[in-house]
Amino acid sequence: MMRLWSRLSYQIGIIIFLGFLCIIGFIFLQSYSESRKLLPQDAERDARLEASLIAEAVANGVRYGLSYQIWEQMNAILQRDRASETVSIEAYAIVDNRGALLAHSDPERYSLMMPYPHGDPGVVWLDAARFEITQPVRHPVTRQVVGYAVLTCQVGELTERLEMIQQKMLLPLIVALLLAIALAIGASYRVSRPLRYLAALSKQVGSGTVDAGSFRDKPEEIRHLAYSIQWADERIVNRGREIEKLAMVVQQSEEIVIVTDENGVIRYVNPSFERITGYSSEEAIGKTPGMLVRSETYSADYYQHMWSILKSGRPWRDTFRNIRKNGEEFLVSQSISPIFDQNGQISAYAAVQRDITQMRQMEDKLLHMDRVESLGVLAGGIAHDFNNLLTAILGNASLALMHLEERSSAREHLEQIELASYSAADLCRQMLAYSGKGKFVVKTHDLSQLVRDMSKLVDVSVARNISMQYRLADTPPLIDADVAQIQQVVLNLLTNASEAIGEEGGTITLATGRARLSQVDLLECICDADREPGDYAYLEVSDTGCGMDEQTQKKIFDPFFTTKFTGRGLGMSAMLGIVNGHYGALRIISEKGKGTTIRVLFPEAVGARIEQKQESASPARRPSCAGTVLLVDDEEHLRHIASAMLNRLGFEEILMAEDGRQAIDIFRKRHGEIKLVLLDVTMPVMGGEACFAGLREIDATVPVLFSSGYNEQEAIGRVAARERSGFLQKPYTTEQLAEKIAEVMREVAA
Amino acid sequence: MKICGAAILMVALLFTIEASAAASAAGQAQRMVLSGVVPGQGGDTPVLERFVRWLAEASDYPLEVAHVDSYQALSETLRTRPASLAWTCGQPFVEDRADGQRLVAVPLYKGKPTYHSLVITRRGRSEKSLKDFKNKVVAYSDPRSNSGLLAPKYVLHRQGIAMELYFRLLLHTGRHENSIVAVLNGLADVANVDEYVWDEYLKRYPSAAEKLVVLERNGPYPFTPIVAGSMVPEPAIRAIRQALLTMHRDVRGAGILRQLGLDGFVEKPDTFYRPIAEMLETLR
């Protein structure tokens, strides 16, 4: 029944049926009620009529006291017919005018001529179905009352009457009921059929295929409903797409997304959570994040405060150090937001976490690199100034030596000054190397060959108790590099390895090769942040020495850090400078007591060819130094010493300028006489680079020899059209000056 | 006049016989007046029809049946139509002799021209005789019935009881069988009926014997006679009497007699009804 009632069509059918039934029932009840109301009146009327007839019939009998005749008469009357359809005479009593009984329907109980009390003429109801009527019996002629007929009448049973009414109404009732059923079924069908269509249509909701066009000729409500379903389908499909997009965003997000219920129990985690933490979704759901990934970084008070903030409806953002399933720590930047339901109550929490472990490592690295860079700039500046000073010292010393006799006692002192100056210059070179600005001559080299060429040097660099092993790649690992600096790197590494092994002896392995570095590989390396993944050639030095702890590894590139008693602490930092200067990277694998492996990686030179080493077939010829030279330098003492050297070399006239502008002015006036320009690079007002351009505008053929405390690359790397020009690294001696002048002159002559 | 048996309804047969046989043969039929001669003879008893028809044929005196509802009416008919015949009761015959009525014949019941008056009541009652029914309802057939009223009145009179005052109601029922019905239905407590009617009633309704009981049997009294009105010619009377007296020898007549429960007819002098006249005299 409930199942039937649950269907609208049945409901409508039943309602119509019941409605019709109610109407029929109302009519029926009205009729019944009317009949019930009229029944007593009809009965009384019929009974009165019957009583009057009886009174007339027995009048003579009463008059003459003919009891038997009355009784016989009454029997005949009662047997012949009843008063009416509704009334029957149940009992009678005929009395004379003295109240004596003349006849009774129950003669055994009521004896004749016994006093028989009766009421006044009229009707008295004894109960719902019986009444007593007292009818005077009158003389046929005089109309005097000679007696009374007392009739007890039984009204036909109400149910009988109703049955009679029901019988009368049965046919119309059946017809009406059939009509009601037909109407109900019709209405039900009328409702259910479109509803079935609508149900079929609604099953397609969400597929995007709902078409309400076929409902065009349907009733308005059904049509509207169909179009509503179509509209809902479109909206659901659109919403579905949006939700799908959002779900994809969450699913594919690199960030961890966690959704918990209001108690902090995980209800959803995205794949990033699984990937980063190592916990599967099934493992995570039902637990709290604290049970899975919480470290002991923060105290209980911290989390208590965090939850109080969250429960107040505010978000919480902070960095957390969490623990993966495998026990590793990882760092996340986390934002936890309460999710509110429609009533404004917190129903869930959503946490978005970003794994910042690598980023933080990168930041730390960059911070370190910045520090190293800063020191590099400082070191470079110092080296530049030192070189200028050393140029003066070395120049003056060499000039002084030229002027001194061979046996002069001062010569030894001057030679010591020269040696000390060279040592100082060497130190400056290392400082420049550390700063990554010490790259001088970049050419393509086979790294393996480069190592082979150093074998002798290597052998003398390591202690005798150390066994050297080479694993050099057969396929040439080509790099663009300054040979001297690479050699410095090799020697530096070998020295450190040798010292790490110490007196106990061990093995040093020197290997070369090629490797393809990914971004991840680069993260494990020490290098500038702008290194690109790709093919690298490497040089690797492994020792079986004492190894380094983590603390030491972090500091070995800091300038002036050393573990050696005699070291200056610039070896590794200078090496890092060289590596960075070559756009390379370093990787250290070391453990205390288990040796160290340092791999130096340089970008592989692609499509380059190895320049053949030019043999200096003949010693440098002294150039023909005569004429006028334009000497440009902002340092007065350098102008002075350089002027002396140039004079010494044979130049008659030395024109001097303090800066580029002054030099151009002089050159414009006398460029026809000037055979050479010795040009400092770093100057106030106008630097060497701009000055060079100005000189070339005036005379494109004049030889120019740059000079700088910085290296060539740093000093004039950006200068275009450098034909008929050379570079002289400060400090320099007269000989070195002469050689460079000769080179430039040769080039001009060529 | 002869008083008929207690249980038999009063039947009066009035023969009106024309003065001459020719005249009667050529004229209209006279009446044979009846008033409850035989039980159930309310006018629809074929045996009486057959009896009258047989008698008319046998006596050559044209007759037709005329039912009346009382002996008074019967007497009135014979007065107004003196050529008629009647089957009447002893008391009316005795009382109406002054009108010129002549006794034709007397029926034989159980071989005798007499019958009894019976006192009946319902079985199980405590009363033993009529006088025990003081202040009760007593049914009787006709005020001029010998067995219904005169005989019990006389019996009680002899016991010093005035019947009219002794009972609460003397219920006039019109016929003896009505009196039986009145007792059966409780309408009357006791009734005085003709013995002949009682016997005939029980033949027809045997179950009544289980409900009713005869308390007293008074009599014998002269049976209900067939009389002729004052204008019935003597020859006709003789012819009729002759027919009745020989009726039991006639095939049809004998059959009718069996149906009537009678044995035949005898001729009796008027004095045969003297006992009734004496009772009337006594009570007067």
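**Labels and their cut-offs**

Analyst: The charged end of A:Arg599 lies over the ring of A:Tyr538, at 3.8 Å from its centre. This is a predicted model, in which local features need pLDDT of at least 70 and side-chain atom pairs count only at pLDDT 80 or more, while totals for chains, interfaces and linings use all residues. Residues are numbered from 1 along each chain as its sequence is written, chains are lettered from A and ligands numbered from 1 in the order in which they are written, and side-chain values use heavy atoms, with hydrogens and water left out.

User: What makes the pair of A:Trp125 and A:Phe131 tilted?

Analyst: Rings of Phe, Tyr and Trp (its six-membered ring) pair if their centres lie within 6.5 Å, and planes under 30 degrees apart count as stacked, over 60 as edge-to-face and the rest as tilted. The centres of A:Trp125 and A:Phe131 are 4.6 Å apart and their planes are at 50°, so this pair is tilted.

User: Why is A:Phe131 called buried, and why is A:Trp125 called partly exposed?

Analyst: Buried means under 20% relative accessible area, exposed over 50%, and partly exposed in between (1.4 Å probe, protein chains only). A:Phe131 has 0% relative accessibility and therefore counts as buried, whereas A:Trp125, with 30%, is partly exposed.

User: Why is A:Cys22 called exposed, and why is A:Cys153 called buried?

Analyst: The relative accessible area of A:Cys22 is 53%, so A:Cys22 is exposed, whereas A:Cys153 has 1% relative accessibility and therefore counts as buried.

Conventions. Lys NZ or Arg CZ within 6 Å of the ring centre and 35° of its normal.
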